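Here's a quick tour of the charged pairs and helix packing in one model. Have the coordinates open as you read.

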Amino acid sequence: MARNKPRKAVTMVEARKQARLLAAEFAERQQQLLDSAEQFLIVQEETDQELAEISARIDQLNAEAQAARQRVRDRQAQIVSRMRELGAREHEISTRLGLERTDIRRLLAHPAGQTRTPSRAGARPTTKAQADGAQPDDGALFPSPAPRWPLDNVNA
């Protein structure tokens, strides 16, 4: 009688061989996954460091830009103040410079633009609060002038 079935020992050897082959493939795949995860984390760390350096440069450039804007505003305020000292009115200054009158008022209210002194000695205060000796409010950029009526100069 001829046997067509392989022996049990041969089948077990083949099964172990197949299992070892699958385990080796699994271990190789796991190592590749581990290597890929390491590379990912290294790239992420490098990118985070590079972005931090770029952010620091951006902050430095923003600070430089802010300082440059402040220098320009100071210089513009001085120039507008000088034009005012020369007798130009806000409307004339705004027309000459192509700016809105509100921009001219802001420049005149700017600390660098307040270097002028009243041209007349004993000039009248422009608001009732100033007449009472109060200092102008720092929050008020444009104090409202007192009304100028024709009869203001008449002694009561």
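## A salt-bridge network

Let's start with Glu90, Arg101 and Arg105, which are linked in a network of salt bridges (a salt bridge being a side-chain nitrogen of Lys or Arg within 4 Å of a carboxyl oxygen of Asp or Glu). Keep in mind that this is a predicted model, where local features need pLDDT of at least 70, side-chain atom pairs count only at pLDDT 80 or more, and totals for chains, interfaces and linings use all residues. Residues are numbered from 1 along each chain as its sequence is written, and side-chain values use heavy atoms, with hydrogens and water left out.

Helices here are DSSP runs (H or I, at least four residues), numbered from the N terminus. Glu90 is buried at 17% relative accessibility, while Arg101 is partly exposed at 37%. For those labels, buried means under 20% relative accessible area, exposed over 50%, and partly exposed in between, using a 1.4 Å probe and protein chains only.

## Bridges inside the helices

The structure holds 5 salt bridges. One of them joins Glu92 to Arg96, with the closest N and O atoms 3.2 Å apart. Both residues are in helix H2, and being 4 residues apart puts about one helical turn between Glu92 and Arg96. Glu92 is partly exposed, with a relative accessible area of 34%, whereas Arg96 counts as exposed at 60%.

## H3 against H1

How do the axes of helix H1 (residues 8–85) and H3 cross? They come within 8 Å and cross at roughly 100 degrees, so H1 and H3 are roughly perpendicular to each other. Axes are lines fitted to C-alpha atoms, for helices over the stretch in contact, with angles running from 0 to 180 degrees between N-to-C directions. Angles under 35 degrees count as roughly parallel, over 145 as roughly antiparallel, 65 to 115 as roughly perpendicular and the rest as oblique.

On the H1 side, the contact is made by Arg73, Gln76, Ala77, Val80, Ser81 and Arg84, and on the H3 side by Ile104, Leu107 and Leu108 (contact meaning heavy atoms within 4.5 Å). Sorted by class, that comes to 5 nonpolar, 2 polar and 2 charged residues. Ala, Val, Leu, Ile, Met, Phe, Trp, Tyr, Cys and Pro count as nonpolar, Asp, Glu, Lys and Arg as charged, and the others, Gly among them, as polar.

The buried residues of H3 are Ile104, Leu107, Leu108 and Ala109. What covers them includes H1 and H2.

## His110, in the loop

His110 lies in the loop between H3 and helix H4 (128–131). Is His110 buried or exposed? At 13% relative accessibility, His110 counts as buried.

The side chains of His110 and Asp74 are joined by a polar contact of 3.2 Å. A polar contact is a pair of N or O atoms within 3.5 Å; within protein, one must be able to donate a hydrogen and the other to accept it, and residues adjacent in sequence count only if both atoms are side-chain atoms. Leaving aside residues up to four places away in sequence, His110 touches Gln70, Arg73, Asp74 and Ala77.

Technical notes. Helix = DSSP H or I, 4+ residues; strand = E, 2+ residues; numbered from the N terminus.
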